[in-house]
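Let's take a walk through a structure together, one piece at a time.

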Protein chains: 2
Amino acid sequence: MSKTAKNTTLKDIAQEAGISAAAVSKVLNNHGGASKATQARVHEIAKRLNYSPNIVAKSLKVNKTKTLGLVVSDSSHSFFGAVIKGAQEEAAQLGYNIILANTNRDKENEKEAINTLIGKRIDGLLLASSRLTQRSDIRYLDSLNIPYVFLIRRSEDKKAPFVGNDNIAGSKAIVDHLIKTGSSRIHFLNMDKASTSSADRLKGYTAALKDNGIKYDPSLVYNTKPDIQEGYTVIRNILESGQRMEALFCGCDILGIGAMEAILEYGLKIPKDVRVCGYDDIEFAAYLRRPLTTMRQPKQSIGVKGIENLVARVEGIDDKQNVVVLKSELVVREST
Amino acid sequence: MSKTAKNTTLKDIAQEAGISAAAVSKVLNNHGGASKATQARVHEIAKRLNYSPNIVAKSLKVNKTKTLGLVVSDSSHSFFGAVIKGAQEEAAQLGYNIILANTNRDKENEKEAINTLIGKRIDGLLLASSRLTQRSDIRYLDSLNIPYVFLIRRSEDKKAPFVGNDNIAGSKAIVDHLIKTGSSRIHFLNMDKASTSSADRLKGYTAALKDNGIKYDPSLVYNTKPDIQEGYTVIRNILESGQRMEALFCGCDILGIGAMEAILEYGLKIPKDVRVCGYDDIEFAAYLRRPLTTMRQPKQSIGVKGIENLVARVEGIDDKQNVVVLKSELVVREST
DNA sequence: GTGAAAGCGCTAACAC
DNA sequence: GTGTTAGCGCTTTCAC
């Protein structure tokens, strides 16, 4: 299994063709460099020797790796799976590769992952649901000296490049739906407080209440991390405390799944007794115990647009937008 | 956004410390190379100048990139998400990065992706649910001159390195479960015929029947690609054709989801009228309309062990197993 | 122990 | 046009 077979290099081809390596390089990159006859000869030899250019050497020379970093909190989450797919395929389309890193929602892990990526001399960085969203983090990111784009969760610095959906409008729309269809007492199980996405979703929630003349009651709002078990536990505790619940907006579908389990287990009916909404529209939202009403984020498009925007920055194209806000769409299912 | 700031190099440090770049390299890699005092000085300067080694240059020199390729059919599938996570984290642990590629279940795409990866001079290749499982494909893979390991779906060549579960034993166990709990007429909705995994699952299915003295009826066996809609359509057609169905083994959970939708929509009860099993135990199998009985594959472990095995090959360690078969586990839920 | 020289494979700049 | 030279940033002999 040891690599004995040396790879063919430009020099090998040059030797066989009786010209210089530089000339071969030019021919193979279509920069002229030789007579038609020599060109044909070079191509023939390259093919025969099964030549594959050493991108590492090229990268060193041109100081570009055609590799992008994609940092996500957890690549095993269905939501990120779709984003990653979009990003990876668009990158391939544009001639780039993607190195993937997981942070498990930890800021130190994230910085460490980024530092490794920087060592590999990536040309640009995509940060999905980053923890580096504080204003002070921007200095760190800028010091990296490569372009970066936030995905899904924006920075507190609203000028930082971002691709995602409008969380305020999205959650306002979904809470509106809950109100229009009959509830005025709406529990809200939001994600971690620290996240700008959570903050925006809370804004949407309060805006919807206000628009409909409902008083905001902070005791109906809870926060927890996006995890099925967490959602289950929080809602179960609320129910067992004897609080009446008639409508519940969950900050993401994952929390919605846990919440619905708790509600059903408690003996309440969905949607008859409690109506439940999520956010994201992950792939399985339609096939749950109660198909979940939710806000569909264009997950794959977020990945695609993110790469598009990042590559534009990497390649110095000027007419890119700084902030790309994609539309989300209310999907009403059995849970409401 | 243009990269004006030049990165610090060994030479910069050397200059400031008044020694050679080679000496600095040795110090920074703890290969001795200077007096204690000089060493301290070098470290101080490196830190002050925010030195980050250029891995591209190092890779070129040592002919190793510390980068591995991971080729999957579809990274957005929940199942692969878990495998990717395990692989990525284990790779990071061992000092490697992962470049991800999608093939969309197409052999030509897969070869193209691999060729790109080879150009990037990856040190090794992980093939998850590959299409290159024919004996003749081994020649192609061997010609790459880097170690590779099949994940999940094995090659026809049983000597090819592989990490996954025992599909024969797994599907035999699940069909046994169906038989033991009362069914003798068992439909089987398997995945694509071409896959070695499907072939093995069919073997398990027939073995279970034989063990229990049930005659194998090929008219109960169907094949389709792993897609919710496909599963839905096939089962719906069977039902509408008037065939009686009392138990159904699906080759993967994804097909199980589609199948259950069709069955319920047709007005039959699960598990009362039809009992349904899947395979894989994807994250959401427990939260479906009918929580799905299934065979739990150790998804994350497959990624972890796959990387472990591959890295052992890359680093020339001899005591690695060629074929690693991980245990799957029957998880009984409401659907049976 | 310490430092100088060579060279990984490629391409951009420069001479002919 | 055509080909040579130099050098990207690093490590690894090899001399001292």
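Start at the DNA: by class, the surface near DNA strand C is made of twelve nonpolar, eight polar and three charged residues. Here Ala, Val, Leu, Ile, Met, Phe, Trp, Tyr, Cys and Pro count as nonpolar, Asp, Glu, Lys and Arg as charged, and the others, Gly among them, as polar. A quick word on what you're looking at: this is a predicted model, where local features need pLDDT of at least 70 and side-chain atom pairs count only at pLDDT 80 or more, while totals for chains, interfaces and linings use all residues. Residues are numbered from 1 along each chain as its sequence is written, and chains are lettered from A and ligands numbered from 1 in the order in which they are written.

Back to the DNA. Helices (H or I, at least four residues) and strands (E, at least two) are DSSP runs, numbered from the N terminus. H4(A) gives the largest share, five residues.

Now see how the two chains meet. 45 residues of chain A are in contact with 45 residues of chain B (in contact means C-beta atoms, placed from the backbone, within 7 Å). H5(A) gives the most to chain A's side, with seven residues. By class, that side has 19 nonpolar, 17 polar and nine charged residues. 100% of the interface residues of chain A are also interface residues in chain B, so the copies meet through the same surface.

Finally, find the open sheet in chain A, where four strands run in the order S7-S6-S8-S9 with parallel pairing (strands pair if DSSP finds at least two bridges between them). S7 (221–223) and S9 (275–277) of chain A stand at the edges with a single partner strand each, so one side of each lacks a neighbour in the sheet. S6 (residues 186–190) of chain A and S7(A) pair over three bridges, and A:Leu189 has A:Tyr222 in S7(A) as its bridge partner.

Notes:
Two residues are in contact if their C-beta atoms, placed from the backbone, lie within 7 Å.
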